[in-house]
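Please keep the structure open while going through them.

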Amino acid sequence: MKNKVILFSMLAASSCFANATAALLTAADYCSPVMTAPKGIKDMTPLNDGETYSAISDDGKSIEIFSYKTGEKVSTLFSLEAVKGSLKIDSFDGYEISANEKKILLWNNVSKIYRHSFTADYYVYDILRSTLAKVSEGGAQRCATISHDGRMVAYVRDNNVFISNIDYKSDKAITTDGRLNEIIYGAPDWAYEEEFGVLNTLKWSADDNTLAFIRFDESKVPVYNFDEYGSYSPSDPLGKLYPAAYKYKYPLAGFPNSTVEVLAYNVDNGTTKKMDINIGDSYVPSLDFDGSGVNLMVMVLNRDQNDLQLYKVNPGSTVAHPVLSEKSDAWLNPEAYQMVKYYGDSFVIGSERSGYRHIYEYDYSGNMLKQVTKGEWNVTDYYGKNVKTGTHYIQSTQKGAINRNVASVDSKGVVSLINDTEGTESASFSKNFNFFVRKYSSAVVPPQYTLCNNKGKVIKELQMNREYASKYAEAPKMEFLKVPNNEGELMDACIIKPLNFDASQSYPLVMYQYNGPGSQLVLNSWKLDGLYYLASQGFVVCSVDGRGTGNRDRKWMTSVYKKLGVLETLDQLAGAAYFSELPYVDASRTACFGWSYGGYMTLMELASDKCAFKAGIAMAPVTDWRFYDSIYTERYMLTPAQNEEGYNKASALDKSQNVDARLLIMSGTSDDNVHFYNTLRYSSKMNDEGKIFDMMAFSGFEHSLRMGNAREQLYKKVADFLKINFSK
C-alpha cells in the first residue's frame, strides 16, 4: 500500500511538471533580475525650500526640478547641452548638490570595487556660471565629498585623502602614507563596507574648515587570495590563458582587524590631529558632525559588539566627552544604533533595550530627553524630525512583523499611521516634512509610487506598474500563515502554491530559508524571483522565520547567541514537518534550499538526525564560521578562542558525514563575501567520505549572481536537480 501511494505521488508530480511547461511566462520572466524588476522612479533629492525636489531626466542628460505640490516639472537645474566653457562631458552617472545649492558634484566612468564601492571621474558644476571643473587630473577618485559651500571636494585616491579647491584649481594630498593592503584614509576597508555599511568616512564641518575622516591600518590583517577566472565572453571565448590573482585584506573570525583612528584636518593651517579616543581593537561604525556642524560624534563599539560608547569630540582640542553608553548581554544590533540623526540641540538614536527597537532623544550632555516611541513593535526606519513642530516620522511594524507602515509621532508621543493598511510602505520626505514620496507594495501588489502630503493624501501617481501587474497577474502568489516550532512558539511563514493549483493533487515541497540573525524572509511585500519559477514548475514553496530572525522581540532574535545553526535548524525542520502534513504535499518528496546563510542552513538541516528531506540545495554557503569575516561572525559567536564549543556545534563541515540526502552545492568562483573556498572544503570532505553529490560553479561571478543569465541558470538547475531526484 505504501508503494502504491508513492507511485501515485510520482505520477501526480509528473503531471504537475508537464502542466507547468505550458505556462506563458518563461524562466527568464521569473528569474532574470532585468526581466522581473518592476519599474521604479528616479532618485529624488529634496531641496532646501521644502517645496521642490530634483531628479535626473528620462533621457539622463539633465537634472530637473519638480514641485512637491503638483509633481510637475518647474525648471532645469543642469543640462549637458547647456554647459559653457571648454570642458564638457557626454554623460553622468550620478550627482550631489552642495548644501548651499550653488554647486553640483557630478560623476561618470564608474568602476566597481566591492559590493557598493566604486571609483569614478568627478566634476563640479557651477550653477550660476553654467561651467564645469574637473576635480582632479591625477586619476579616478573614490568617496568624493563636496564641501557645504561647494568650493572644495575631498576624495580618496591610492588610499590617501586629497582636497581639490575648485576656485584655486589646486589638488592637494593631505595624507601621503596610504598604501594598498596596508593603510587606507577616508575610504573603509572591505569589512566595514560589507558589515557596517560604511561607504565613506570623509566629513566636512559646517564652516568647511575641518575635514574629519578615519584612518584604517589593515597591515596586520591577513591577505585573502583566490584565482580570478573571469566569465565566458562571446567576444573572447578563450579568456585569459592564465587566471589573475585576486588579493585583498579579509579578516576571518578571530584574526586581526584593521585598527582605526579618527583624524581631523584643519584647512586653514594645514595640520592633522588625532582625536583623543581610546579605540584599541574596537570599531568606529559611525562618524559624523553634530547638528551644529562643530563637534564630531564618534561611535566606538568593542570587538565583542556588546558595548557601545558615543563621544562628542572637539576636533580642534581633540578632547572627547562621553555622551551615551549602552551595553548588552548579547550583541548590539547595527539596525538600532546606526539609526541616528543629529539636530541642533539634540540627537535621536535607536535602541533595543526595552526588548523592541525604539528611538530615544538625548541632549549633547547625555541626558535622555524622552523615549520617542514605545510598545511591543519595532521602529524599522527613522526618517527624521520636523524641528518646528517636534513631530518625528518613522517606519514601524505596528501592524505585525511582516508589515511596514509609515507613521508620525507628535510631540506628546502619539503615534499615527499615515496609511492604515497592510503591506510594506516606505517614505522619502521633503526637507520640511510637508510632503513625501510613498512606495507601497504587498505580496500581491507590485510597487506603487505616489507623491503625497504628510497626511497621506495622494497628490500625483508617479509609477503604478499597472502593465507589470497585468503581465504577472497569473503568476503564483504568496500567502501568509503562522506555523508552530517544537516549543509551541508561532513562526511567521509563507507559502507559494503551484500554477493551476489543485488541492486534490500531491505536490513536491521546497523549503526555502535564510534565517540569519536579525534577518526576515517572510514579508508582505512584492517579490518575484526564482522561487516563483519553482512554483510555476509544480513545486509548493514555503518559508518560515524561525528563532534568530528579526523584527519580533529581542529575546526571539538573540536566542541564537553563541550557538548559530542549532535553534534555527530545529525551527526550519519543524516548519518542514508542518508543511509536509498538508494534504496536498507529498512528504516523500521534500527539499530544502537556501542562499548564503540559507545555504548554511541547508547543510545543517541535511546533517540533522531529524532530517526528512530527500534533497537539498546550498547556494554560496558558509560551511564553517571560522571561514567567514570577523565583524559578522563575532557579532553573534564571539571569537573561536572565546567560544570553541559553539563554533564546533555550528560547523556544517564537521557534520558532512551525516548527510544522507542528495545535495546540490553551488557557488560563484569570484565571491569576495562567502568565498568559493567554503564550497571546495565541503565538497573535498564529501569526496573523502565517499558521498555522491552534485556541484555547480559560476565562473567569475560574485555572491549575488547579478550578471548575465546566471540567476536564470541557477533556478533552472535547481528545478532540474529536484525533478531528477524526485522521480527516483
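1. Lys-274 has a relative accessible area of 47%, so this residue is partly exposed. Here buried means under 20% relative accessible area, exposed means over 50%, and partly exposed lies in between (1.4 Å probe, protein chains only). Glu-261, at 24%, is also partly exposed.

2. Before going further, note the source. This is a predicted model, in which local features need pLDDT of at least 70 and side-chain atom pairs count only at pLDDT 80 or more, while totals for chains, interfaces and linings use all residues. Residues are numbered from 1 along each chain as its sequence is written, and side-chain values use heavy atoms, with hydrogens and water left out.

3. Glu-261 and Lys-274 are partners: their side chains form a salt bridge at 3.7 Å, N to O. Glu-261 belongs to strand S18 (residues 259-266) and Lys-274 to strand S19 (residues 271-274), so their pairing ties together parts that are 13 residues apart in sequence. A salt bridge is a side-chain nitrogen of Lys or Arg within 4 Å of a carboxyl oxygen of Asp or Glu. Helices (H or I, at least four residues) and strands (E, at least two) are DSSP runs, numbered from the N terminus.

4. How many salt bridges does a search of the whole structure find? The search finds 35. Side chains of opposite charge can pair when their charged atoms come close. One of the pairs is Lys-42 with Asp-58, at 3.2 Å from N to O. Lys-42 sits in the loop between helix H3 (33-36) and strand S1 (45-46), and Asp-58 in the loop between strand S2 (52-56) and strand S3 (62-67), so the bridge ties together parts that are 16 residues apart in sequence. Asp-58 is exposed at 75% relative accessibility, whereas Lys-42 is partly exposed at 31%.

5. Another salt bridge links Lys-460 to Glu-72, whose closest N and O atoms are 3.0 Å apart. Lys-460 is in strand S35 (residues 458-463) and Glu-72 in the loop between S3 and strand S4 (73-79), so this pair ties together parts that are 388 residues apart in sequence. Both are partly exposed: Lys-460 has a relative accessible area of 27%, and Glu-72 has 42%.

6. Are the cysteines Cys-143 and Cys-452 buried or exposed? Cys-143 is buried, at 9% relative accessibility. Cys-452 is buried too, at 0%. The search of the whole structure finds zero disulfides, a disulfide being a pair of cysteine sulfur atoms within 2.5 Å.

7. Next, a sheet. Four strands form an open sheet in the order S9-S10-S11-S12, with antiparallel pairing. Strand S9 (142-146) and strand S12 (170-173) are at the edges with a single partner strand each, so one side of each has no neighbour in the sheet. Neighbouring strands are turned by 20 degrees against each other on average, direction ignored; the axes are lines fitted to C-alpha atoms, for helices over the stretch in contact, and angles run from 0 to 180 degrees between N-to-C directions. Two strands pair if DSSP finds at least two bridges between them. Strand S11 (residues 160-165) is joined to S12 by four bridges, and Ile-163 stands opposite Lys-172 in S12.

8. A second open sheet has four strands in the order S28-S29-S30-S31, again with antiparallel pairing. Which strands stand at the edges? They are strand S28 (379-386) and strand S31 (415-417); each has a single partner strand, so one side of each is left without a neighbour. Five bridges join strand S29 (residues 391-396) to strand S30 (residues 405-409), and Ile-394 has Ala-407 in S30 as its bridge partner.

9. The expected span is 1.5 Å times one less than the number of residues. Buried residues in H13 include Phe-676, Tyr-682 and Met-686. Seen down the axis of H13, the buried residues fall within an arc of 155 degrees, so they line one face of the helix; the arc is that of the directions from the helix axis to the C-beta atoms.

10. Helix H14 (residues 710-726) has 17 residues and reaches 24 Å from its first C-alpha to its last, close to the 24 Å expected. Its buried residues include Arg-711, Glu-712, Leu-714, Tyr-715 and Phe-721.
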